[in-house]
Every structure is written in structure tokens, then in C-alpha cells.
Amino acid sequence: MDLKKLLSQINISADWIGLREVREKGTYRVIRDGNPQANGAGTSHGIMVEVLANGQFGYYATNDMSISGIQNAAAKAKAQAIHASEYSLYSFSEDARPKATGEYESSFSKAAGSVSAGEINEILLAGCDALKVSDKIVSASAYGLITETEFNFVSTNGSDINQKFLMVTSDFSATAQDGNIFQRRTGGRSGHQIGLEVFDKSNITNLCAGIGQQAVELLFAEECPTGTMDMVLAPDQMMLQIHESIGHALEIDRILGDERNYAGWSFIRLEDFGTLQYGSNLMNVTFDPTVEHELASYAFDDGGLEAQREYIIKDGLLVRGLGGKESQIRSNTPGVANFRASSWNRAPIDRMANLNLEAGESSFDDIISNIEYGVYMETNRSWSIDDYRNKFQFGSEYGQLIVNGKLTKTVKNPNYRGVTTPFWNNLKKVGNASTFGIHGTPNCGKGEPNQVIRVGHASPVCQFENIEVFGGV
Amino acid sequence: MENKFNNISDKVFALLNEGEYLTLSFSSENTQFIRFSQSKIRQTGLVDDASLELELIYNNRTCGESFTLSGDIDADINSAQSVLETLRVEVVQLPEDPYIVMPENNGSSRDIHSGKLLSVEGAAKALTPAMEGVDLAGIFASGKIYRGNANSLGQKHWFSTETFSLDYSLITADEKMVKATFAGSKWNQSEYESFMTASIKRLEFMKRDAIKVEPGEYRTYIASPGVRDILDMFSWNGLSEASIQQGQSSFGKMRNENSKLSPCFSLLEDFRSGSVPRFNDNGEVAPDVLNLVNGGLLENTLINSRTAKEYDIVSNNAGGGEGVRAPYMSAGELSEAEVLKKIGTGLYLGNLHYLNWSDCIGGRITGMTRYACFWVENGEIVAPIENMRFDDSFYNFFGENLEAVSNKVEFNPEVGTYESRSLGGTHCPGVLLSSFSLTL
Ligand SMILES: [Zn+2]
């Protein structure tokens with residue numbers, strides 16, 4: 001699609017016009033209990049025409065990408081802007097859409113299409129078989145999602161951006177049963193910007209055998225103990241902890257109140273930036289769109305702002321918010337390039353992208369060996385937090401008791417609850433690079449109309465003290 | 001739109017070879033969105049979207065692919081043809097699928113609901129002035145929604161509707177909120193304005209200073225919108241037969257351990273209101289009414305034809321994910337006027353927020369109170385409460401702690417818009433619980 005040509009043929013007068021084309025193809029394959037459960041694909045392709053008039057943006061997202069379709073969309077988007085401008089929340093100028101030109105491409109070894117549907121089914125089938133380590137495994141499934149996205153953006157103030165993404169999300173899951181006890185262990189459904197090299201049969205079968213083993217182990221494990229104690233979280237649980245109790249709380253559009261009817265508000269106020277001690281001084285959090293293979297890396301956000309790494313929390317102090325150009329203008333607060341849309345049919349809003357906890361000094365052994373009594377938890381299973389992002393309760397799939405500096409027996413149904421800033425101020429040790437894991441999920445929901453978007457979260461293993469921990473029913 | 005779907009269907013089915021079976025699913029919408037914050041317009045626009053999915057079956061193997069339709073009929077037929085070619089290449093590479101659901105022709109249907117909507121030019125002016133003098137955040141969505149399904153044996157279903165919803169929160173200066181949804185298919189300006197006035201009046205209750213309640217067990221009334229959030233959980237590792245069979249369902253205890261809920265609790269799937277199509281992605285039509293939990297006993301689970309084949313049971317034509325598409329919880333005896341008196345001393349919870357299984361197999365759900373939630377003493381509202389976390393099993397609160405069910409079933413429209421506008425909603429009453437567990 002020649003977007004520049006389309007843009008040049010739009011004959012309406014407006015303060016600014018932008019065309020954002022997204023073509024995304026998702027291909028998913030699922031094997032369950034030795035049989036194909038689903039082999040499907042979906043391509044979504046369209047253009048959002050955005051027009052600025054009277055200080056108000058209006059959009060028309062259309063599947064009709066002909067010249068007449070785009071012309072009609074531009075005229076109607078302008079009319080939307082004009083009718084709404086009588087009641088605008090904020091009067092914007094072209095500054096909200098900075099000029100940007102450039103390209104981006106995910107790094108990968110094996111391109112989409114380089115492994116056939118038949119081969120992927122065969123590899124997932126092998127994974128599924130490997131999950132069935134014993135007849136206690138009553139259900140096993142292996143899942144792969146390949147996403148290819150192309151993003152093009154042009155505007156009347158000279159922006160011209162092309163970004164290509166290749167992403168793979170996979171998951172492996174084993175449910176074990178003994179009488180009326182059921183336990184499920186998974187690979188955590190994590191996604192990365194990566195190629196089809198992910199579908200490596202021996203890696204997958206090894207991983208799956210471990211997952212199956214732990215599912216069975218959980219059947220015969222004791223309940224996680226109840227009490228206030230030390231807690232150590234693996235990166236695939238930290239991911240959720242960062243996402244819910246840092247990321248969403250710091251989105252500037254939430255702080256400004258845009259989300260109050262849906263995802264909620266935030267306990268953070270604009271005056272907290274630069275002053276609030278969010279956590280202990282071991283806490284360093286970055287917005288980092290430059291990490292190779294992390295799911296939400298990119299060069300530009302969907303408003304055309306160039307993306308770069310920024311400290312959000314430095315030595316525990318809150319220094320910067322997660323707000324794109326519109327939020328930065330509205331709030332006069334420093335932000336990041338995170339004005340993002342789920343697709344061509346939704347308008348961009350402030351999203352998280354990659355939000356990472358930087359590695360610290362402690363080895364895994366340093367952390368465990370200094371704990372008298374506590375629980376180590378892996379892989380998120382349950383998540384819930386209030387609309388201000390204060391009171392949370394999270395659960396993990398797999399726990400291990402720590403006694404006198406050693407990991408001992410496995411415990412099932414590990415859960416914990418807390419309140420955001422006291423929790424982060426209880427951050428006692430931060431693992432070093434050897435404990436670091438990069439994770440991501442395609443399933444963060446937010447916005448009205450609703451949008452589901454990809455986020456990445458990388459973290460080392462972390463220790464928290466004085467945490468309220470408990471088990472299952 | 002219907003003609004376009006029929007036209008593409010006819011052309012694509014004509015391309016099929018011997019032994020190939022094809023099912024087409026069509027989905028489309030023309031929507032206006034206006035997003036409000038501080039009773040002003042934050043973002044606004046229009047969305048036209050349409051997609052077609054092809055599901056090919058050949059030699060006991062199946063695969064599917066969907067694509068965005070452009071609206072140009074020739075281009076769309078070409079795209080469908082090339083997707084069919086891709087599926088033909090893929091389907092022969094796949095392992096055999098023993099639980100494949102073959103298409104059938106059990107008769108066609110056509111279900112068209114017309115409405116009267118605001119014009120896209122006039123909506124901002126019709127909506128905004130009534131919000132004056134109050135802080136409102138929310139979303140207006142309005143437009144047409146189409147769903148179609150056809151298969152190569154000649155079966156065809158069509159559903160279209162025109163609906164709108166304004167889903168909003170009103171917020172006091174000290175951040176107390178009430179929630180409301182004005183939804184329907186025929187816009188009536190004066191009804192809208194009096195609905196808004198009534199919800200602004202409700203906000204007055206919220207202006208008293210909030211009180212903090214301690215974690216513990218409380219007598220609690222949960223109003224219909226809060227009950228809806230709990231019932232939503234039953235579509236996620238809940239009433240799905242596959243989920244029970246695969247050891248992941250919170251209802252496994254009812255099947256395996258003979259656990260029961262209160263005789264006051266009955267939940268059915270009821271399509272009679274017509275707000276959501278009865279046909280699923282395979283074009284199979286669900287019964288008008290299906291008892292799920294009847295008087296506290298698990299009477300039916302949701303079984304799609306694939307699950308039926310795998311476990312050798314009878315399908316009730318549930319959807320792909322075996323979720324509850326048209327939930328209806330039966331009314332009880334408790335009258336609205338009696339609610340506060342029957343609480344006595346305890347909690348009135350208007351809405352809940354962010355529910356999740358904290359122990360799915362045990363039926364334990366955690367979540368937050370939100371919006372209009374009050375402390376009640378001696379049958380009278382004392383003040384709103386600060387939001388609290390609950391963590392309790394539905395085997396308790398819909399079991400022996402379910403004291404009464406209100407006699408008024410309310411409709412809570414589904415206003416979700418992930419990827420596209422949702423249809424339908426949940427019919428349910430409020431519930432009075434002798435005990436409900438708050439934890440943080
Ligand atoms: Zn999220």
C-alpha cells in the first residue's frame with residue numbers, strides 16, 4: 001500500500017492528517033492430549049485515518065483502503081473532530097504528533113513460514129507427549145502463536161515510519177490428578193520478538209518433561225504455609241508483579257482520569273514524580289524498548305514518537321511516568337514513547353510496552369542462603385488488584401519452602417497479598433544478571449473502547465520481606 | 001451486508017472439490033465511539049470492520065483462516081479464494097483429528113433487529129450537555145453489528161442488530177463513584193436525560209465520608225451488577241464440560257465430590273431475549289433455554305459438539321469456548337425494599353472489580369469492591385466504604401451462606417469492545433449472604 005500517495009490524494013483541509021496502516025497475521029496451533037485441537041490463522045488489515053481540526057483529533061478506522069474509501073474516511077474523521085471540538089477535553093496542536101522517519105525490524109533467525117504447519121504440529125505433538133510423564137497427567141497441551149505485524153505511518157507533517165515485527169508466544173501445560181486433587185503446571189505462556197527457531201524439538205521436549213514432572217510433584221505437595229515471611233519471586237512471577245503494581249499505576253492517562261470508568265485510576269498523583277520513594281533503594285525500573293527479543297521493543301510509538309530507554313524508578317525514587325506525547329502535553333510531566341494502539345481499528349493510548357526491573361548484585365544462592373524461613377514462587381497463576389493499584393493478591397503455580405538457607409520441599413497453591421508501595425519498600429535483595437529472565441504477554445487489557453496489547457517485562461529473581469503468604473482452600 | 005455475505009458464500013462454495021467441507025463465519029460492525037473524561041470528549045471516531053473466516057475440512061483434518069474484508073466484492077472473493085488455496089496446502093500436512101465436527105444442514109435462520117440510533121454527526125451534542133455539572137468518565141458506542149454463518153451443505157444463519165450503550169462512572173470531588181449503563185436499540189433523548197439525572201442523584205449518597213472496614217466476615221448484599229461479575233467467572237474454567245473433563249474446572253467439585261450450592265441458586269442459559277445469536281461458529285443452534293445449575297444442583301454443563309465427540313456425550317451446541325452466552329440467574333423472594341432491613345448490620349456492595357480465581361478447583365474467587373459500596377447499620381446506610389478485597393469460595397457464598405435472592409432480575413448489558421463490540425449481557429438478581437470474607 002502506498003500510504004504517501006494515498007495521503008497526497010486526500011482533499012480536505014485540516015490542521016493535520018495521519019494514516020496508520022496495520023497488517024497483522026496471527027497463526028496459532030494447539031495440540032492437546034495427542035491430537036490437533038486447533039490450527040488457525042487470522043489476518044487483520046486496515047487503516048486509521050486521523051484528522052486534527054479545531055484542536056480535536058477525530059478518527060475513522062476503515063477496512064476500505066481504496067482512494068475513495070480513504071477520502072471518505074478523512075472527511076468523516078474531520079466531521080467527528082469538528083462536532084466533538086465544542087466539548088473537547090483538551091485542545092491539541094500538531095505538536096502531539098511529532099515528525100518522525102525511520103524503520104524497525106525484529107531480530108530473528110528463522111523467518112515466519114520457514115517451518116511448515118506439519119512440522120510445527122509434529123514438534124508440539126512431541127512436546128505434548130513429553131508432558132505426559134505419568135498416568136497422573138490427565139490433560140496436556142502444547143500451544144504456539146506466531147504473529148507477524150507490519151506497521152506503516154505517514155502524516156502531513158512529514159512522518160514516514162515502517163516497522164516489522166515477528167513474535168512467537170508458546171505455552172505448554174500439564175494437569176495432574178490424584179483423586180480429588182488437581183494441579184496444573186505450565187510454561188508460563190510467554191512471548192518474545194523472535195523467529196521460528198523457538199520450535200526446536202529437543203528444547204521443547206526437555207522443557208515439557210520438567211513441566212510434567214512438577215505437575216505431579218505438586219499433587220503430593222503440602223499447602224503453602226500461611227504467615228508473614230520472606231518471599232522470593234522468579235522472573236515469571238515478577239513479570240506480573242511489575243506489570244500490575246508498577247506499570248499500570250504509572251500510566252499518565254490513568255493518573256489524568258481517562259480510565260476511571262474501566263481499568264481505574266491510580267494512587268499516584270502528578271506531584272509524586274520526582275518525590276515519591278516507590279520502593280527500596282535497590283529498585284531500578286526502566287522503560288526499555290531497545291531490548292533484543294523482548295516482546296514490546298520498537299523504534300517509534302503509534303503517534304510517531306521515537307522510543308528510547310528511560311529510568312522510571314531510580315534507586316527507589318519515582319522519576320518519570322508512562323505517558324506518550326498527548327499525556328506529556330496534558331500533564332506537563334516527563335514521559336516515554338508509549339502511545340500505542342492494539343491495531344488499526346483502535347486509537348492509541350498510554351500503554352506499558354517493555355517495563356523492566358534492572359538486575360542487582362545478588363546471586364540466587366546469596367538470596368536463598370540468607371533466608372531462615374520463606375517461600376520461593378514460580379510462574380503466575382492468579383492476579384487481582386484494585387482500581388487504584390494498591391491492594392493486590394497474586395498467586396503462583398509452583399512454590400518451594402525455604403528453611404535455614406536452603407530450598408526444601410515443594411508447596412502447592414502459593415498466594416500472597418500486599419499493598420503496592422509498602423511491598424516494594426520491602427524489596428530486600430535483587431538478583432544479578434545470572435538470575436535475569438525476559439518475559440512478555442500479548443494479553444494486557446485496557447482502554448475504552450477496549451484494547452489488548454503486547455507488553456514485555458524482564459526481571460531478576462527478587463526477595464521481599466514481611467509478606468503475607470498463604471495457600472489454597 | 002447480508003447480500004454481500006450470501007454472494008461471497010455462493011462463490012466460495014462453488015470452488016470446493018470432492019471431499020472438501022467448508023464453514024464460513026462472518027462478523028462485521030459499523031461503530032461510532034465517543035470517549036468521555038471530566039464530562040468532556042477525550043477521543044472520538046468511527047470504525048468500519050468486517051471479517052470472514054473459512055474453516056476447511058478434508059480427509060479428517062481441519063484448519064481455518066480469517067481475513068479482513070475490504071468491502072469490494074470482487075477483491076473479497078479473490079482473497080477468499082486465495083485463503084482457500086492456502087488452507088488446501090496446509091490441511092494435508094496436519095495430523096488426523098479424531099474429534100472433527102462435520103457440518104450439517106439443520107435448517108437456516110434469519111434474525112434481524114432494527115433500531116433507531118443517534119446520527120454520528122449529532123451524537124456529541126445529544127450526549128454531552130446532560131453531563132454538565134458532574135465529573136463523568138465513560139464510553140459511548142453505537143452502531144450496527146452483523147454475524148453470519150454458512151456451510152457447504154447449504155445451511156445459513158444471519159443475525160444483525162443495531163444497538164448503543166453509554167457506560168459511565170460519575171465521580172465526586174473526593175473520588176467516590178457510581179456506575180451506570182444507558183443501553184438499548186432505540187435512542188430516546190428524554191429517557192437518556194432522566195436516566196442521567198437519576199444517576200447524578202445517586203451520587204449524592206456517595207458524598208458522605210467513607211469509612212474503613214476491617215478484614216473479616218460480614219453479612220453482605222451484592223447487587224445485580226456485582227453478581228454479574230461473579231457469574232462471568234463461570235465462563236472461565238467454570239461450566240465448560242471440557243474444562244471439567246480436563247481437571248481445570250471450579251465445577252469439578254459438583255461433578256466429582258457431589259458438592260451442592262444453595263437451593264436458592266439457579267442459573268440457566270436463556271436466549272429468548274434475542275440479544276445474542278443462538279448459532280455458534282459451527283452454525284449449530286443452541287436450545288432456547290438450558291438449565292445449568294437448578295436449585296443448587298449441577299443439571300447441565302455447556303457441551304459443544306467437539307467435546308461431545310471426545311467424551312462420548314451429547315452436545316448442547318455450546319460455543320467454541322463453552323462459555324455462558326446468555327446467562328440468566330433466577331429471581332428469589334427478597335424484595336428491593338427489604339434489602340437494607342435484611343442486611344441489618346453489614347455491607348451493601350453495588351459493584352465488584354477485577355475478579356480472578358485464587359483457587360479455581362476450590363471455587364475460591366478474589367476481587368475488589370468498587371463504586372457504590374456502603375456500610376449498613378440497623379437497616380440503614382451509614383456511609384460509603386473504602387474499597388476492600390474479598391477472597392471467598394462460591395461454594396460458601398452461593399452455598400450455605402446464600403440467605404436470599406432478590407425478586408428482581410436486572411439486565412446488565414455486555415459493553416466489552418475487545419477487537420469488536422460484544423453482544424448480549426447477563427440477567428441476574430442481587431444476593432444476600434449471611435457471610436462474605438474480606439481479606440485486605
Ligand atoms: Zn495490564
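Arg417(A) forms a salt bridge with Asp391(B), and the closest N and O atoms of this pair are 3.8 Å apart; the term salt bridge stands for a side-chain nitrogen of Lys or Arg within 4 Å of a carboxyl oxygen of Asp or Glu. Between chain A and chain B the count is 11 salt bridges, while over all chains the count by this rule comes to 48. The model is a predicted one, in which local features need pLDDT of at least 70 and side-chain atom pairs count only at pLDDT 80 or more, whereas totals for chains, interfaces and linings use all residues. Residues are numbered from 1 along each chain as its sequence is written, chains are lettered from A and ligands numbered from 1 in the order in which they are written, and side-chain values use heavy atoms, with hydrogens and water left out.

**The contact between the chains**

Taking contact to mean heavy atoms within 4.5 Å, 90 residues of chain A are in contact with 84 residues of chain B. The two chains bury about 7,400 Å² between them, with 45% of it on carbon and sulfur atoms; buried area is the accessible area (1.4 Å probe) that two parts lose on being put together, summed over both. Of the area that chain A buries against chain B, 11% is supplied by Tyr87(A), Arg260(A) and Asn261(A), which is more than any other three residues supply.

Chain A and chain B also share 59 residue pairs in polar contact, both residues being at pLDDT 80 or more. A polar contact is a pair of N or O atoms within 3.5 Å, and within protein one must be able to donate a hydrogen and the other to accept it, while residues adjacent in sequence count only if both atoms are side-chain atoms. On the side of chain A that touches chain B, strand S2 (residues 35–53) of chain A gives the most, with 10 residues; strands (E, at least two residues) and helices (H or I, at least four) are DSSP runs, numbered from the N terminus.

**Selected salt bridges**

| Pair | Closest N and O atoms |
|---|---|
| Arg185(A) and Glu397(A) | 2.8 Å |
| Asp135(B) and Arg260(A) | 2.7 Å |
| Glu2(B) and Arg110(B) | 2.8 Å |

Here buried means under 20% relative accessible area, exposed over 50%, and partly exposed in between (1.4 Å probe, protein chains only). Arg185(A) is buried because its relative accessible area is 4%, and Glu397(A) counts as buried at 6% relative accessibility.

The pair of Asp135(B) and Arg260(A) crosses between chains, from strand S5 (residues 135–151) of chain B to the loop between helix H6 (252–255) and strand S11 (285–287) of chain A. Asp135(B) is partly exposed, with a relative accessible area of 22%, whereas Arg260(A) counts as buried at 1%.

Glu2(B) lies in helix H1 (residues 2–13) of chain B and Arg110(B) in strand S4 (residues 109–112) of chain B, so this pair ties together parts that are 108 residues apart in sequence. Glu2(B) is buried at a relative accessible area of 18%, but Arg110(B) is exposed at 59%. Elsewhere, salt bridges that share partners join Glu50(A), Arg97(A), Asp258(A), Glu326(A), Arg330(A) and Arg42(B) into one network.
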